[in-house]
Protein chains: 2
Amino acid sequence: MPSGRILVAQGGGPTAVINQSLVGVVLEARRFREVTRVYGARHGVRGVVDEDFVDLTQETSHNLELVAGTPAAALGSTRDKPDLAYCRAMFEVLRAHEIEHFFNIGGNDSADVTRIVAEEALAAGYPLRCIHIPKTIDNDLVANDHTPGFPSAARFVAQAFAGANLDNAALPGVYIGVVMGRHAGFLTAASSLGKKFPDDGPHLIYVPERAFEVERFLADVRAIYDRLGRCVIAVSEGIRDAAGHLIAEPMSRDHERDAHGNVQLSGNGALADLLCELVRQRLQIKRVRADTFGYLQRSFVGCVSDVDQREAREVGEKAVQFAFWGEDSGSVTIRRTGFYSADFQLVPLPEVAGKTRLMDDAFIAASGTDVTDAFRLYLRPLLGSGMPDAYRLRGARVARRLKPD
Amino acid sequence: MPSGRILVAQGGGPTAVINQSLVGVVLEARRFREVTRVYGARHGVRGVVDEDFVDLTQETSHNLELVAGTPAAALGSTRDKPDLAYCRAMFEVLRAHEIEHFFNIGGNDSADVTRIVAEEALAAGYPLRCIHIPKTIDNDLVANDHTPGFPSAARFVAQAFAGANLDNAALPGVYIGVVMGRHAGFLTAASSLGKKFPDDGPHLIYVPERAFEVERFLADVRAIYDRLGRCVIAVSEGIRDAAGHLIAEPMSRDHERDAHGNVQLSGNGALADLLCELVRQRLQIKRVRADTFGYLQRSFVGCVSDVDQREAREVGEKAVQFAFWGEDSGSVTIRRTGFYSADFQLVPLPEVAGKTRLMDDAFIAASGTDVTDAFRLYLRPLLGSGMPDAYRLRGARVARRLKPD
């Protein structure tokens, strides 16, 4: 029989709903008589090595519910990628505290950490069950219909572009919004859900799944601008040229990389500035503006999908159920069962760990600069209830008196 | 007796609630028997010169209410600054359409436009009454307690920093958020309303009302970072050195200026990148991130203060009442009458036009990097109801077993 002590940690980038999953684990675990203590590791696996735990069993259910509704990672997060020595240090701590269940909430890097820890535990003969709980705004976990955190970030992006489109219609010009997404274009594609009228922006959407060609880009912008007198563009930070080189990379002065080898793309405006300069210089368009959505899109307080909140809670609850009513380590995955309804399955960790899901071809229009109706139907129910809406004047024209039409 | 035709226009940067003022004018005007037609000028004064009007009398009240709830400027906006020839062209059009009431919704530049048009009308002997209706997210109109549009933008900034603070606590480092505000720091100072716990960010707030010294800035950041292991910073795009030079200006490659002589500050990440580089190089801090809030803070769909919505509607209604029950041109102003309650007065246009209000000294802490309680009390009621809130785990520490504390 297990020790009764379980441990939960959060890894990778914070999201609007990662704390829902944390609280799902804590509250569900308390309902199992096998569980005596629920510990939380501060700053992910780093907190395991450092033996830096908080006792979540001592939290009140009221405060846990309030934390569940708060974005970011209440336990703190980490970008550490454990190697063998790191994992052995973790075992020592886990053994000392008689912890035999480890729940790790995170993206594909965190899934990989979970896999390594599970494998090292097995090799060391330590009875540790490891459950990975999905989370990433990038929506790039394989074996999942979508990942908790993505719907809320997608909602932010859709609402942001709905507003940027209105702003750009009021003061016409070219507007470029740079959206997170290193490899997968899901979040950038979500900008399309901000459109309502046929001439609304974003008029052009560039995702990493399609090679970015500067001349083609300029021709696309020219065509839209000549037709509408304005152009709203959504660009993924991860766009690459035909050779696979990041468009943003030559401009990142420091090339900061995290432990997973990822170049830091967010947190600077280099790509936005480059594209603005191109449009200004080559197309001779004067009013060109850009925003890099940066950290706002993942941490803004007050933009959340209720569907996302509910599912994030559920994957936490299911993780505990899979752990105590099953026999295996694994990763909790989300499957779509209806329009709209979802269910959850546990899959072996290697099926998810370290792999990157890209947008299906069926989601990207033949033009390469728009999404399909299949994508709109895929995303819409995830955005949840109460999406704000935009309206315009019907605008009956007044006949001219001085300069007849 | 006036002709019965009135004209309304919107100028300057769009806001979350400028359409409330537009709809306030339209719906209130229809209740006056003197009014037969309510025209809207497309893209502000430019629409007057171009004789580009829509007949708002033909809109349904239902659609007007939906437009009122939509951000940006439904009629379109402009940055044009009319000179004498421009104004004479306007008169020709206004005369031809027998328009004798002109309502112009906008900031201090638009107030100045309204003043010029009123003066030119007087000089030309044309019976035009001009009413300026306040609007600006910068909150920099004199003679006003605050301006419609500012509360909603302030709410966005507060919610954004509440989230950025949580994100920064989860993955510690230095975070810099660059906020709009060419001369006045109100919007940047609003970041302080995102704080809840004593160690929450923003830990440092830099407004244009105080000279920005690089060495002082670096020392401030160092001190916070050494104490908390992280630092969240709010910076106004308009910060200047002791000689009055914009910190951002040397980096703006194009120095684009609008018709009012304003350098384009938003829409590029130059200031954010400069400050990041300074912190990285000089303080040897590795994880440094920045966002330039750009157009998100003024156009995001779905972040609005209900107090702001209501008052923006009211200034539109009052403008019509002042026009038909009074004798003068003027600018509608907001006065605070209680905690919290407001009323409206019409003041002569020259009292508002072209002037810039800065933050009171009483709103800025002696340190120069924080706001005072007076500012918090000033701003809090304007943010409206339903502000999202952030919570944290109480976090009972688990005693170490391997490495005793």
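Student: Which residues does B:Gly163 touch, leaving out those up to four places away in sequence?
Tutor: This is a predicted model, and in it B:Gly163 is in contact with A:Pro71, A:Ala72, A:Ser299, A:Phe300 and A:Val301, once residues up to four places away in sequence are set aside.

Student: Where in chain B does B:Gly163 lie?
Tutor: B:Gly163 belongs to helix H6 of chain B, which covers residues 150-170.

Student: And is B:Gly163 buried or exposed, and why?
Tutor: B:Gly163 counts as buried because it has 27 C-beta neighbours inside 10 Å, where the cut-off for buried is 20 or more.

Student: OK, zooming out, how many residues does each chain bring to the contact?
Tutor: Chain B contributes 66 residues to the contact, and chain A contributes 66 residues as well.

Student: Which element gives the most on the side of chain B that touches chain A?
Tutor: That is H6(B), the helix that holds B:Gly163, and H6(B) gives nine residues to that side. By class, the side of chain B that touches chain A has 34 nonpolar residues, along with 16 polar and 16 charged ones.

Student: Switching to chain A, what span does helix H11 reach?
Tutor: Helix H11 of chain A, residues 306-325, has 20 residues and reaches 28 Å from its first C-alpha to its last, which is close to the 28 Å expected at 1.5 Å a residue.

Student: How many of the residues of H11(A) are buried?
Tutor: H11(A) is mostly covered, with 15 of its 20 residues buried.

Note on methods. Residues numbered from 1 in each chain as written. Chains lettered and ligands numbered in written order. Predicted model: local features only at pLDDT ≥ 70, side-chain atom pairs only at ≥ 80, totals over all residues. Helix = DSSP H or I, 4+ residues; strand = E, 2+ residues; numbered from the N terminus. Buried ≥ 20, exposed ≤ 12 C-beta atoms within 10 Å, placed from the backbone. Contact = placed C-beta atoms within 7 Å. Nonpolar A, V, L, I, M, F, W, Y, C, P; charged D, E, K, R; others polar. Expected span 1.5 Å × (residues − 1).
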